[in-house]
Amino acid sequence: MNALSANSKTIKGVVPISPAAARLQRSLAFLVVTLPFIGVGIATARIFLYGVNWWEIAIFVGMYVVCVSGVSMGSHRHFAHRAFQAHPRVRSVLGAMGSMAAQGPLAYWVAQHRRHHVYSDLPGDPHSPHLHGGGVVGMLRGFWHSHIGWLFSDETADWIHFAHDILKDPQAFRIHQRYFWWATIGLVLPTALGALATGTLTGAWLGFLWGGLVRIFALNHASWCVGSVCHLFGKRPFETHDHSANNFWVALFTFGEGLQNNHHAFPSSAAHGLNWREPDFSIIVIRVLERLGLVWDVNFPSPQAIAKARKAPA
Ligand SMILES: [Zn+2]
Ligand SMILES: [Zn+2]
């Protein structure tokens, strides 16, 4: 038991989970961490032995784009932060795409994420790299916890405390309930695409390998970098009460999520990139959807709010 879980009873909204639920959660986390890792090992060996086909890369990229968009625009900006309103069909599609990423059911995702904002880099934050001692050892332990270790915790965010709106919203709750169905579709779809591309069982297996396992590995590590790398390394243009930082490379591969300092300064903003140098593909898509009338009430911080929050030059 780490210091965080020892304190969990005293932190509002953070609750211990039963031994049986903890075992189930750890088992699922173990599968989500190890199976994609094994898949990457097999894919790498195959590249050296046989090379790689264009359609394997296309399935990987296609599935990655679908799932990262679902997490960024759906689970995060729409459902967790209400940064924009959306047509019911858009909500369903974003919810399904986010669930296909295999990062947990919607109420779990939203509750843990809101908890991260409330306790950012303080005791109670599910994945801060800053609470694990000083020196190089403390930093390495913190990095491990914030990147992967937190998935194996024996406490969790109270869904009723942090995600009551998801539980009360019939459409959002349906998305939550169908998580395992959509996560399975996230594996079946690339398998079917591989079979269609080649008409062979080998093609189906390679579709599963690239669009399923390798894609889950790539997207999960990119997403986990938001909690680990982006609370350690990067630019901090805004005053926030945490160590959040804007990391260009993580932002590029997470469609804007890696701009953590901007996001912690303006959590309800639909835009994480606040200028053209900050990569935020999601806000481009949100603006297109807004033009089409499919999303509305898109939140942006005012120029005055941005100026006020910006750090004074040193
Ligand atoms: Zn953060
Ligand atoms: Zn957030």
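**Helix 3 and helix 10**

I began with helix 3 (residues 54-80) and helix 10, whose axes come within 8 Å and cross at roughly 40 degrees. I took axes as lines fitted to C-alpha atoms, for helices over the stretch in contact, with angles from 0 to 180 degrees between N-to-C directions. Helices here are DSSP runs of H or I with at least four residues, numbered from the N terminus. Helix 3 and helix 10 are therefore oblique to each other. The classes I used: under 35 degrees is roughly parallel, over 145 roughly antiparallel, 65 to 115 roughly perpendicular, and the rest oblique. The crossing of these two helices is right-handed. Right-handed is the case where the near helix is turned clockwise from the far one by less than a right angle, left-handed where it is turned anticlockwise. On the helix 3 side I listed contact residues including Y64, C67 and V68; on the helix 10 side, W210, A218 and L219 are among them. Contact means C-beta atoms, placed from the backbone, within 7 Å.

**Model and confidence**

I noted that this is a predicted model, in which local features need pLDDT of at least 70, side-chain atom pairs count only at pLDDT 80 or more, and totals for chains, interfaces and linings use all residues. Residues are numbered from 1 along each chain as its sequence is written, and chains are lettered from A and ligands numbered from 1 in the order in which they are written. pLDDT is the predictor's confidence in each residue, from 0 to 100. The protein averages 95, and 97% of the residues score at least 70. Residues 1-8 stay under 50, and the model has 13 contacts beyond four places in sequence for them. Where pLDDT is low, the predicted coordinates should not be read in detail.

**Core**

Which residues have the most contacts inside the largest nonpolar core? I found C67, L106, V110 and L219, in a core of 62 residues. Helix 10 (residues 201-227) gives the largest share of this core, 14 residues. Such a core is a set of buried Ala, Val, Leu, Ile, Met, Phe, Trp, Tyr and Cys residues joined through C-beta atoms within 7 Å. Buried means 20 or more other C-beta atoms within 10 Å of the residue's own, exposed 12 or fewer, partly exposed in between, with C-beta atoms placed from the backbone. I then checked L219: leaving aside neighbours within four places in sequence, L219 is in contact with Y64, C67, V68 and A101.

**Helix 9**

Next I took helix 9 (residues 179-198) against helix 10: the axes come within 7 Å and cross at roughly 140 degrees. That makes helix 9 oblique to helix 10. Helix 9 passes helix 10 in a right-handed crossing.

Helix 4 packs on helix 9 at about 70 degrees, with the axes 7 Å apart. That makes helix 4 roughly perpendicular to helix 9. This crossing, too, I logged as right-handed. A96, S99 and M100 of helix 4 meet Y179, W182, A183, I185 and G186 of helix 9.

**Positive phi**

Most residues other than glycine have a negative phi. I looked at A102, not a glycine, with a positive phi of about 65 degrees. A102 sits in the loop between helix 4 (88-100) and helix 5 (106-118). Is A102 buried or exposed? A102 counts as buried, because 23 C-beta neighbours lie inside 10 Å.

F255 is not a glycine either, and has a positive phi of about 60 degrees. F255 lies in the loop between helix 11 (248-253) and helix 12 (260-265). With 24 C-beta neighbours inside 10 Å, F255 counts as buried.

Terms used:
Two residues are in contact if their C-beta atoms, placed from the backbone, lie within 7 Å.
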